[in-house]
Amino acid sequence: MEPTAVALVDMPALLRAIVEDVVAAEPELELVGEFESQEAVLQRIDRSDDVVVVTRVDGRGVPSLLSARPSWRVLALFADGHSVLYERLAQPRMLADLSPETLRAVLLHRGGRDGEGQGGDGRSR
C-alpha cells in the first residue's frame, strides 16, 4: 500500500517545519512537495488516491480542490490558530487541538469524528 501523500501549499516556514517533522517520523506518510497555490498542486500531483493537502487558506478554494480530486482531504490552517479538515462528502470538521499527535492522526486518517481514534484519556492513539 502506498503511503498517504502530504502536499504543503502556501505554508509559513514554522508550520511547514512542524508538518515535515511529523511526516518524516511516520513511514505511512510521504511528503510529495511544497506548492505555491492550490492550482499548482492540482497540476503537479495526479494521484487520485489518499492525498492530504495542508494549506493556509480561508476555505474558499477548498470546494473546487475537492471537486477536482474527490478522494483528497484538505487540512486548512487559519491565521487565528484554528484548523479545519475538509473531505468531499463530509461536513468540515474543526480541530480543537492541532498538536503533533493530532496532526499525525489526521494525516493518517485515524482522527475520526467526535473523538474516534482517541483513547479513554482523550489522547490520540
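How many bridges join E1 to E3, and do these strands run parallel or antiparallel? Five bridges join them, and the two strands run parallel. Keep in mind throughout that this is a predicted model.

**The sheet**

E1 and E3 are part of an open sheet of six strands, ordered E2-E1-E3-E4-E5-E6, with mixed pairing. At the edges sit E2 and strand E6 (93-95), each of which pairs on one side only. Going from one strand to the next, the twist averages 20°.

H1 packs on it and touches E1, E2, E3 and strand E4 (73-77). The direction of H1 makes about 155° with that of E2. H4 packs on the sheet as well, touching E1, E2, E3, E4, strand E5 (83-87) and E6. For H4, the angle of about 155° is with the direction of E4.

**A closer look at H1**

Helix H1 covers residues 13-24, so to speak a run of twelve residues. From its first C-alpha to its last it reaches 16 Å, close to the 16 Å expected at 1.5 Å a residue. Val19, Val22 and Val23 are buried in H1. What do the buried residues of H1 pack against? Their partners are strand E1 (4-9), strand E2 (29-35), strand E3 (51-55) and helix H4 (100-107). Turn to the face of H1 that points away from its buried side, and you find the exposed residues Leu14, Asp21 and Ala24.

**Salt bridges**

Searching the whole structure turns up five salt bridges. Here are some of them, with the N to O distance for each.

| Aspartate 10 | Arginine 56 | 3.0 Å |

Take the salt bridge between aspartate 10 and arginine 56. Aspartate 10 sits in the loop between E1 and H1, while arginine 56 sits in the loop between E3 and helix H3 (62-68), so the pair ties together parts that are 46 residues apart in sequence. Aspartate 10 is partly exposed, at 34% relative accessible area. Arginine 56 is partly exposed too, at 41%.

Glutamate 34 is partly exposed with a relative accessible area of 44%, and arginine 16 is partly exposed with 25%.

Aspartate 10 and phenylalanine 35 are 25 residues apart in sequence, with 6.4 Å from C-alpha to C-alpha.

Is arginine 73 buried or exposed? This residue of strand E4 counts as buried, because its relative accessibility is 2%, and the cut-off for buried is under 20%. Leaving aside neighbours within four places in sequence, the contacts of arginine 73 include Val51, Val52 and Val53. Among the others are Thr4, Asp50 and Leu66, along with Leu85, Tyr86 and Glu87. Val106, Leu107 and His109 are in contact with arginine 73 as well.

Finally, there is alanine 68, which lies in helix H3. Alanine 68 is partly exposed, with a relative accessible area of 37%. Between the C-alpha atoms of alanine 68 and arginine 88 there are 10.0 Å, and the two residues are 20 residues apart along the chain.

Definitions and conventions:
Residues numbered from 1 in each chain as written. Predicted model: local features only at pLDDT ≥ 70, side-chain atom pairs only at ≥ 80, totals over all residues. Heavy atoms only, no water. Helix = DSSP H or I, 4+ residues; strand = E, 2+ residues; numbered from the N terminus. Expected span 1.5 Å × (residues − 1). Buried < 20%, exposed > 50% of the residue type's maximum accessible area, 1.4 Å probe, protein only. Contact = heavy atoms within 4.5 Å. Salt bridge = Lys/Arg side-chain N within 4 Å of Asp/Glu carboxyl O. Pairing = 2+ DSSP bridges. Axes fitted to C-alpha atoms, helices over the stretch in contact; angles between N-to-C directions.
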